[in-house]
Amino acid sequence: MKDALLDSRGGRLLVGFAAAGAGVAGSYGATGYTPTFVASPIERTLSRTMPGEVVSVAITTLGSLGQQLNLLTAILLTWLLFAAGITGALLAGSEANNRLLPTVGTAVFLWVVTAALTRELALSLGPVVPAVAVVGLAQAVDAYRGSADPISSKRRRALSTFGVAIGATAVGFAVGEGKTSMGEDAPQLDAPGADTEDLQAKLDAAEANSLDVSGIEPLVSENFYEVDINSIDPNTKAADWSLSITGAVESEVTVDYEELQGMAAVNQFSTLRCVGDSLNGKKIDTALWTGVPLQRLVERAGVQSDCNCVLLKAQDGYEVEFPLEAFNRGIAVYGMNGKVLPRGHGYPVRAVIPGHWGEVNTKWLTEIELLNSEVDGYWEQRGWEGTGPVKPTATLRADTMLDDGTRQLAGHAYGGLRGVSTVEVSTDGGSSWSEATLSEPLPAVDGEGPAEDAWRQWTYSYDPPGSSHTAVVRMVTRDGTVQTMEETGPRPSGPSGWVQKEFQS
Ligand SMILES: Nc1nc2c(c(=O)[nH]1)N[C@H]1C(S)=C(S)[C@@H](COP(=O)(O)O)O[C@H]1N2
Ligand SMILES: [Mo]
């Protein structure tokens, strides 16, 4: 047996890692980018056990890169785990001189590990098939050793096994990739309870009211930001979804997707902003949301909460607790901008809670638990205080030199339920202030008056002085309060301060 690939330590390791790679890819091929992918539970555990500080840094500074690193780590760990098991099976086979042990051991190990992690018995065959094929191939080419065929040298046998493993890995990832697409082009909304004429009228109004200024998002965002605690989003089918109302209630109530879509829905503009956003950051966006007022759902259950507080729970393990007062203004949303709510934004159903930081707008909503005493949700357990009202903010997104020699500044202003009355701009570092032009407000739910919780765009043009100067921008809420100039970072309760920018001329 001197010359056998699988009788050398290096050979076993090589085949073990190659088969493990094919196994990880096989799982992906069977599941796509969904929570049933074998690396997903490991990624979730990593994001749950990572210290709050690290998660916060990942969210605020690394953004989605932090999540990708987390996923990559999870995939590497899965690969190592698979490789350890397969190499063990190869070693056992060669010690016992048993030809079945490597393939059977590999199959059993991968299936048990994957099924234990994902609880998916059939899909757990995904990693088994390609990994066993690679191990079987390594055994088969080993069996040819000594004969005068092209794979007689050990090196060539190793290379051919490796090549096939890489091919299997590539195929697995390609197949999985095809399974993953969903949410990018969400289908048109078609729910019995939704008023599609009103939807179209509001979308038209948003387009008509958007200022003709380059470099800023229109009133309905084209690229809506995403913040998730996991890098792999839940993948629930609408038919399998239901929402239960539990806890301090007279009787528990469960609503399914069809029932929800049959109830009278509202079409409501709301802006979302992440508490972890930076002062002039981009985790702020606006959409037209379609859904059923949450209050109408919990009314059926009969609320008896001692703390007047509620815990929202989601498919991805996310939880957030906040006052009923805010909850009662919220909606159970299944449509976004006239389309079915995309997977990344919480398909099938999310909560939208006007005026409050993004984190209470629970995606993939599955349970509303009425409480008798307060608890900490996911972010509050990690040191954030992001369940309250948003802080008024004016962003400075664009500065463009126009043909006539003026400089055009532009951005958005958002004050939550306190509204936006004016935006003021200074081009001398805050000594003197002028009013910016505001976009016409988006329409309210009933079409009468302005939307209660939506941003507005602003723009201001001036003649640059030809020397260095600082532009500053601030907003005033409907009650006449000027946005605070006191600067704080995002942690724990959201950024504050006036956005400013220096110009050399
Ligand atoms: N289930 C669930 N809901 C969630 C989150 C999450 O990770 N899981 N993130 C929250 C945070 S921190 C924000 S800012 C908003 C972002 O919503 P978006 O991704 O649709 O922009 O969703 C909130 N709802
Ligand atoms: Mo957030």
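Modeller: The model is predicted. The span 234-379 is 11% helix and 39% strand, and its end C-alpha atoms lie 19 Å apart. UniProt lists residues 234-379 as "domain: Oxidoreductase molybdopterin-binding", in an unreviewed entry.

Colleague: Which residues does the annotation "domain: Moybdenum cofactor oxidoreductase dimerisation" cover?

Modeller: In the unreviewed UniProt entry, that annotation covers residues 404-461. This span is 0% helix and 40% strand, with 11 Å between its end C-alpha atoms.

Colleague: How do you know that the length of helix α1 agrees with what a helix should span?

Modeller: Helix α1 takes in residues 9-31, which is 23 residues. The expected span is 1.5 Å times one less than the number of residues. That gives 33 Å, and the end C-alpha atoms of α1 are 33 Å apart, so the two values agree.

Colleague: What makes α1 mostly covered?

Modeller: A residue counts as buried under 20% relative accessible area, and 17 of the 23 residues of α1 are buried. Gly32 follows α1 and has a positive phi, near 70°.

Colleague: Why is strand β17 called largely enclosed?

Modeller: By the cut-off of under 20%, six of the seven residues of β17 (residues 456-462) are buried, so the rest of the structure largely encloses this strand.

Colleague: What makes β13 and β17 a pair?

Modeller: Pairing needs at least two bridges between two strands. Strand β13 (residues 407-414) and β17 have seven bridges, in the antiparallel sense.

Colleague: How many bridges join β16 to β17?

Modeller: Two bridges join β16 (residues 437-438) to β17, and these strands run antiparallel. As at least two are required, β16 and β17 count as paired. Leu438 has Trp458 of β17 as its bridge partner.

Colleague: What is the order of the five-strand open sheet, and which strands are at its edges?

Modeller: The order is β2-β1-β10-β5-β6, and the pairing is mixed. The edge strands are β2 (253-256) and β6 (319-323), since each pairs on one side only. On average, neighbouring strands of this sheet are turned by 20° against each other, with direction ignored.

Colleague: Do β1 and β10 run parallel or antiparallel?

Modeller: Strand β1 (residues 242-247) and strand β10 (residues 365-371) run parallel and are joined by four bridges. Ile245 is bridged to Ile368 in β10.

Colleague: Why are β15 and β19 placed at the edges of their sheet?

Modeller: That open sheet has four strands in the order β15-β14-β18-β19, with antiparallel pairing. β15 (434-435) and β19 (499-503) each have a single partner strand, so one side of each has no neighbour in the sheet. Strand β18 (residues 469-476) is joined to β19 by five bridges and runs antiparallel to it. In β19, Val499 is the bridge partner of Val473.

Colleague: Which residues come nearest to ligand 1?

Modeller: Of the 20 residues around ligand 1, the nearest are Tyr225, Asp316, His345, Arg350 and Lys363.

Colleague: What makes the approach of Tyr225 to ligand 1 a polar contact?

Modeller: The cut-off for a pair of N or O atoms is within 3.5 Å. A polar backbone atom of Tyr225 is 2.6 Å from an oxygen atom of ligand 1. An N or O atom in the side chain of His345 is 2.7 Å from an oxygen atom of ligand 1. For Val227, a backbone N or O atom lies 3.1 Å from a nitrogen atom of the ligand.

Key. Residues are numbered from 1 along each chain as its sequence is written. Chains are lettered from A and ligands numbered from 1 in the order in which they are written. This is a predicted model: local features need pLDDT of at least 70, side-chain atom pairs count only at pLDDT 80 or more; totals for chains, interfaces and linings use all residues. Side-chain values use heavy atoms; hydrogens and water are left out. UniProt positions are given in the numbering used here, feature names are shortened, and annotations may be inferred rather than shown by experiment. Buried means under 20% relative accessible area, exposed over 50%, partly exposed in between (1.4 Å probe, protein chains only). Axes are lines fitted to C-alpha atoms, for helices over the stretch in contact, and angles run from 0 to 180 degrees between N-to-C directions. A residue is near a molecule or strand if one of its heavy atoms lies within 4 Å of it. A polar contact is a pair of N or O atoms within 3.5 Å; within protein, one must be able to donate a hydrogen and the other to accept it, and residues adjacent in sequence count only if both atoms are side-chain atoms.
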